[in-house]
Amino acid sequence: MIRLDDSSGGRREPQQRLPVNPRRHKVAPENRKRVATACNACNIRRVKCSGDSPCRQCRSSARDCVYPVAVAKASLPRAELDDLRRRVDLLERALRDTVPDADRRHQLLQRLDADVTTTGSNTASSAGTDTGGSGAGTPSVSSPVHAGQVVTPDGVAGLVSYQSQIPSHPHPHPHPHPHPHTHTHTHPHPHPQHHSHLDTRAHSHAHAHTLPSPYQAQSQPHKPGIITAHIPSPNPPHNEEEQASTEGRLLEDPDGHARFLGETSGATFLDYLKEFMGTIFPLAYRNGHPGADGTTFLSTQGSYQTYDSRPIYDRDVDVLWLPRSPEMQAMLAELRFFIQDGNGSWPSGGIYWWGDLSTVPSPPTVAVPASGTLTRRALDDHRRLAFYNTAFAVVTRASLTPETPQQPDMSEYYFSRACTLIGNPLDITRFTLNDVRVLALMGFGLIEMNRRDAAYMCVSNAMHISIMHGAHRGWVDENGKRVFWTLYVLDRWLSCLMGRPPTIADDAIRLALPCDAPSLPPAAGLRAHVELSRISGNIVCNTYRISPWDNSSGPVRHPEDALRLLEQWQESLPPILQLSEMGLSDDPACCLLHMGYNQLVILTVRPVFFAAVKKTFAERHVSRPSSLNSHPRLALLRQCISAAELNIRLARHMLALNHPRKLLQAGLHYIFNAAICIMLQDLLYAEYLVPKDPRAREHDIEFVIARFEEESSVGSPYGKDCAGILRDLRVLVYRLRAPMIQPTETHQAAYAQASTTVDMSQGWPQKAGQDVGIQQPVQIEQGHILYEELVSWIDDGWQPYPAYV
């Protein structure tokens, strides 16, 4: 297996910073609502920095709080900068002609730099009184001549005598590139330093921005034709662009490896939610001992749960081994029921297609050599077994439940066999269209393992193989067409999960949608799934502007366009895919399809929903009248909440239909987002958004938490992490929502259960259960540490992420 990674492993040093978001606009100093410059940790994590030392974020997470080196601006005319660049280029050419050997030039520049540093420190005290005869603010074109230098007529110092001091043989090892230092030069012209190669103009341009010392004490207003350069200064600039957060974030996995997750990613939204909850945390715990309730959720800001940075299973296996034929038949039938067409019983025909899952593979006839290692040719001859081993790996993992425990390692062994048989994914000479379904099913299995980055790469590779063989242009039969569209669905699903651009654009695909064919299940379910995935791609690329189809940057679009597309999709569904009057269906694939539809509704409205939560919470605590009841977008919030409630209802129904089977990753993802939405509903202080049945709402949340606890009981870190997040968030919301709902037995039981990690000697769990719903909100007055932050949420209107609406 090939591992492509860099030496740093994706880690970022505390001194590194992210580039300024180019989509941010300039804000006048008097209109700023954020600090001028964020610390390095907040900058990399794209969270709001309080500007303290240490800042609030670093203090709460025990991080080193380091601010960037302050710089000031100095200006000089463009003509003067061009002249400096020309002279630097002239000096470099003269140096190359005089000292052709690069190692000798490097040693010479080191000697010169040491002399310049010494001279600069000796003359710094007289720099303010001695202008060098060149006029105030005007750098001289001649350089002080060191001993041993010969000045040529055009001002270039010929370094003649230094050549005799350079060794006649080059260094046996290349010089390491020294770390750049900042020096105060008394030379009126800039010159290259600390570089072993001075053969490009890029270096001269970079060094041309280092200004001479007379400019360090000047400050000129910006004028046309003036170039602004940056030099060190003790006073930091007021640059909001350095602080401004962007929609996507770099989040770290448990091993400390950073990955970019875009705007639509649930992990990114959770990080925004943690930032919000961390800000208002003092208000949640003002009447009791803080303890540990909610702090686990808050302490994970800047991270997310995955083990993608760890090696994928590489077991020592016999790649040609297969289970007995009855066992294989049973596993394939279970997989077909689970993720394809219900063994032919689902009217929709299913919403995925992986190929023929009814035929059991024949056992191989090749004997494994005594060494235990097969040749590549022997592996290629049995390449077909990769699909079946992948199928066995997926169904073995999907069948793990507390009631039917199995050996988790079995799926790892099957997956290792499949990886060995499929070979190096970069060796395109061996891959055909028959391998696409293997890689697609591998991607599906990796999603079930919560290895979404690995799945993203696997599905992307499968898509490129399909494109290489022309599948996107129609060079496939109906079976191949369905496999391609299943791959397309996975590609769009992962794009939405990760907040990243899809692999292939819709305009590049000229393949007809799936259609009914003899000996194949109905195509209605897969066809509707493809159409819904197209809308998903539109939401990711255009609504969230992750990869806009019009190639333009700018603010994220209004959600109404996406919601209109979703409504049209729902209205155009054939009768076999419509839900009953009760909002349910006896076809599990149809239920999952509608859960995907509801999740896209939540995703589209979620930024507006989150903005409303922040705005109404702030209005409540700074004694402002609520603007939510009369807001024109109140209907969007109702639609979001209704979609969340329906998804939990559909999940209950699916479990009843599929008993004793559990929900797969897609279903778990849908109900997790639904539970978050229902919890945050309690912070929307609006007359028309109060839960109609608080007890039913509590039971829904308990149902979701129980599903993730079941996942945790079979060894899933993903299930354990999600269950902990939901429990902690529920505690935080309960402490913030008073006095809307009076405490009930359900509330108190939930609070007591979630508070078991608190120091019991403090009496916090009992107090929490008693004062839920009866405490009055704290009124934040001007001058309070949170006042400006809360007011900014009100003044931002309905902008949840930067420039959303």
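Visitor: Which residue follows α15, and what is its phi?
Guide: Glycine 499 follows α15, and its phi is positive, near 70 degrees. Helices here are DSSP runs of H or I with at least four residues, numbered from the N terminus.

Visitor: What kind of model is this?
Guide: This is a predicted model, in which local features need pLDDT of at least 70, side-chain atom pairs count only at pLDDT 80 or more, and totals for chains, interfaces and linings use all residues. Residues are numbered from 1 along each chain as its sequence is written, and side-chain values use heavy atoms, with hydrogens and water left out.

Visitor: Back to α15: what should its residues span?
Guide: Helix α15 has 21 residues, 478–498, and at 1.5 Å a residue these should span 30 Å. The expected span is 1.5 Å times one less than the number of residues. The end C-alpha atoms of α15 are 30 Å apart, which agrees.

Visitor: How many residues of α15 are buried?
Guide: In α15, 20 of the 21 residues are buried, so the helix is largely enclosed by the rest of the structure. Buried means under 20% relative accessible area, exposed means over 50%, and partly exposed lies in between, with a 1.4 Å probe and protein chains only.

Visitor: What about the loop between α15 and α16?
Guide: Serine 519 is found in that loop, and α16 covers 524–543. Serine 519 is not a glycine, yet its phi is positive, about 70 degrees.

Visitor: Is serine 519 buried or exposed?
Guide: Serine 519 is exposed, with a relative accessible area of 80%. Asparagine 450 also has a positive phi, near 60 degrees, in a residue other than glycine, but asparagine 450 is buried, at 7%. Its place is the loop between α13 (436–448) and α14 (452–468).

Visitor: New topic. Where is the peptide bond that is cis, with omega near 0 degrees?
Guide: That bond runs from serine 53 to proline 54. Proline 54 is in the loop between α1 (40–45) and α2 (56–61). Another cis peptide bond joins histidine 659 and proline 660, with omega about 10 degrees.

Visitor: Which residues touch the most other members of the largest nonpolar core?
Guide: They are Leu273, Met277 and Phe708, in a core of 177 residues. Helix α18 (residues 588–621) gives the largest share, 19 residues. A nonpolar core is a set of buried Ala, Val, Leu, Ile, Met, Phe, Trp, Tyr and Cys residues joined through side-chain atoms within 4.5 Å.

Visitor: What is leucine 273 in contact with?
Guide: Leaving aside neighbours within four places in sequence, leucine 273 is in contact with Phe297, Phe610, Ile676, Leu680 and Leu729. Contact means heavy atoms within 4.5 Å.

Methods: Helix = DSSP H or I, 4+ residues; strand = E, 2+ residues; numbered from the N terminus.
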